[in-house]
Amino acid sequence: MEVQLKLYGSSKILSDKEILNIKLPSNSNIETLRDVLSKIISKKYLKNSLQNLSRTAAFFSEEDEIVNDDYKLKNKELISIIPPIGGG
Amino acid sequence: MALHTAIVKTEEEKISSEKAKNFILSEENGAESIFVGRVRNENNGKKVTAVTYDVHDKAVIKSFQSICIDAKSKFDNNANIFLEHAKGYVSVGEISILIAVSSGHRDEAFKICRFILEEIKHKSPIWKKEHYTEGNEQWLPGHSLRPKEEIK
């Protein structure tokens with residue numbers, strides 16, 4: 001299965017595009033997405049600039065609500081990654 | 001009473017304090033408090049030239065509305081509130097956020113202004129990327145929205 005990860009804030013370092021397609025094992029949840037994201041960050045040698053992102057980010061569903069780690073992802077679902085915020 | 005919240009795309013327009021002052025004006029409210037946040041030319045010893053603000057538009061507007069309604073119910077239901085935040089590239093000296101409040105009395109006006117600013121920092125999905133004189137740039141660390149019980 002695959003999810004579309006909409007990038008915000010520091011996570012934009014991961015790609016030049018707004019959305020990153022991520023392949024996941026079937027029946028994945030947010031926890032699996034965190035693990036896969038952590039591997040992508042390591043592979044791209046971005047551990048220094050995106051330190052802890054996979055652990056500290058929240059994720060929004062298509063309804064713009066925070067989803068917990070046990071949230072079951074659907075194939076082709078659009079998920080937003082919400083790195084730690086700091087506006088104002 | 002009146003409430004205005006918006007995200008202002010900096011390539012299209014600038015945040016206007018005149019617009020804010022006109023919006024909150026009311027004969028019933030004798031106190032006005034206006035907070036203007038501007039991009040500073042220094043942070044942690046680094047010389048800053050600009051900040052790019054990234055925003056999750058829908059979630060930010062939702063959070064702005066919720067924060068303002070909360071502020072009114074806590075301090076003064078008759079307050080008028082104007083809140084705008086920039087999205088995009090903002091040069092040093094330009095406005096990144098403007099909060100304008102009119103209320104019956106000064107204490108409530110100050111408190112509402114401060115409350116809104118602090119709540120935004122902890123609830124609204126907005127991110128800052130600083131640009132430095134050396135030509136490099138950096139996303140700034142912030143406050144995690146991940147449910148606390150899940151962070152190991």
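What pLDDT does chain B average, and what share of the residues score at least 70? In this predicted model, chain B averages a pLDDT of 96, and 99% of the residues score at least 70. For the complex, the predictor gives an ipTM of 0.92 together with a pTM of 0.94.

**View 1. The contact between chain A and chain B.** Chain A brings 26 residues to this contact, while chain B brings 30 residues. The size of an interface is often given as the accessible area lost when the parts come together. Here the area buried between chain A and chain B is about 2300 Å², and carbon and sulfur atoms give 53% of that area.

**View 2. Salt bridges and polar contacts between chain A and chain B.** Four salt bridges are counted between the two chains, and in a salt bridge shown in this view the side chains of A:Lys12 and B:Asp54 meet at 3.2 Å, taken from N to O. Across the interface of chain A and chain B there are also 13 residue pairs in polar contact. On the side of chain A that touches chain B, at least two residues each come from helix H1 (30-43), helix H2 (53-56), strand E3 (58-60) and strand E4 (78-82) of chain A. Sorted by class, that side of chain A has 10 nonpolar, eight polar and eight charged residues.

View 3. Over all chains, the structure holds three aromatic pairs. The ring centres of B:Phe75 and B:Phe115 are 5.7 Å apart and the ring planes lie at 70 degrees, so this pair is edge-to-face.

Note on methods: Residues numbered from 1 in each chain as written. Chains lettered and ligands numbered in written order. Predicted model: local features only at pLDDT ≥ 70, side-chain atom pairs only at ≥ 80, totals over all residues. Heavy atoms only, no water. pLDDT = per-residue confidence, 0-100. Contact = heavy atoms within 4.5 Å. Buried area = accessible area lost by both parts, 1.4 Å probe. Polar contact = N/O pair within 3.5 Å; in protein donor to acceptor, adjacent residues only side chain to side chain. Helix = DSSP H or I, 4+ residues; strand = E, 2+ residues; numbered from the N terminus. Nonpolar A, V, L, I, M, F, W, Y, C, P; charged D, E, K, R; others polar. Phe/Tyr/Trp six-rings, centres within 6.5 Å; stacked < 30°, edge-to-face > 60°.
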